[in-house]
Amino acid sequence: MFLAAEFLWPSSRQEQQTPPLVAAGSPMDDTPLPLYSVEEPSAARTDTTPITFKYWRKRHTLFSKFDKGILMDEESFYSVCPEILSQYMAEKCGRVKVAVDPFCGAGGNIIQLARLFDKVIAVDIDEDKTMMAKQNARIYGVLEKIEFVVADFFKLANQIKGDVIFTSPPWGGPEYNEMDVIGPLDLCVDKILEVGKTIAPKILLHLPKNLDKNECWKMCNGVGAGLRKIENVFMDRYLNSTLLYVRSNNVSLSLKA
Ligand SMILES: C[S@@+](CC[C@H](N)C(=O)[O-])C[C@H]1O[C@@H](n2cnc3c(N)ncnc32)[C@H](O)[C@@H]1O
């Protein structure tokens, strides 16, 4: 797996990064589970969906410890951030103590955050996702660093505090890939920033590759957030996604660039 980032602004320089794919962590403990373990899809099984087929071969890209008992549901197969990218993004948060993931899902991002920082606050509206994320964090040996909150993030303004928000918010399913371009408002980026800036001064968002980047500048100005940088991320030489580095306008920034 090869990952590279292209800085679109303010610098035109190109950088290539190859963070290690192997995650650190303590051996699995013996807690009984899993409720949601995913079996290998089989053409003979009528309950196997095309989604599971398509994404099954990528399972170790999502979690290198997949075979240790990782829990995922069908949605997680197309929404968990690839491990190498989660590592890259976590490193880009700079020197912080508390990171917040408002849409933690099955835990791809929070596991990498917890490997680097003292504490992670992991929010998800779906209790089942939180249960899966707990098990997955346990497999990577970082469970004790994560505080889980089952809640609607958009109702949490001023209620939690962190140094940085780092997240892959919902993209609306794999259909995003069929659109020429997606506006930031379609992904609720404005609402995420409105609430996010009451929680942390720095925000790093992982968004689709076909994001309308020009609209992002306007939108950030509109909600009083400073867009510091946009990055195109390539995996195995294909454009994979976009990273948005944002800060609250009245707070000095230190996102590692
Ligand atoms: C793209 S997935 C997150 C994947 C995760 N970042 C990872 O890498 O494993 C988006 C998650 O957002 C959650 N979600 C959707 N709306 C939410 C809301 N209003 N508040 C909190 N979580 C929400 C969904 O339940 C889903 O688990």
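Helices (H or I, at least four residues) and strands (E, at least two) are DSSP runs, numbered from the N terminus. I noted that this is a predicted model, where local features need pLDDT of at least 70, side-chain atom pairs count only at pLDDT 80 or more, and totals for chains, interfaces and linings use all residues. Residues are numbered from 1 along each chain as its sequence is written.

Entry 1, the ligand. I looked up the shell and found 22 residues around the ligand, with Ser79, Cys81, Phe103, Gly105 and Gly108 the closest.

Is H5 mostly covered or uncovered? I found it mostly covered, with seven of its nine residues buried (20 or more other C-beta atoms within 10 Å of a residue's own, C-beta atoms being placed from the backbone). Among them are Asn109, Ile110 and Leu113.

I checked contacts (C-beta atoms, placed from the backbone, within 7 Å). Glu83, Ser86, Gln87 and Ala90 in H4 meet Gly108, Asn109, Gln112, Leu113 and Leu116 in H5.

I located Ile165 in strand E6 (residues 164–167). Ile165 counts as buried because 28 other C-beta atoms lie within 10 Å. Leaving out residues up to four places away in sequence, Ile165 touches Val100, Pro102, Gly196, Ile199, Ala200 and Ile203.

How values were computed: A residue is near a molecule or strand if its C-beta atom, placed from the backbone, lies within 6 Å of it. A residue is buried if 20 or more other C-beta atoms lie within 10 Å of its own, exposed if 12 or fewer, and partly exposed in between; C-beta atoms are placed from the backbone. Two residues are in contact if their C-beta atoms, placed from the backbone, lie within 7 Å.
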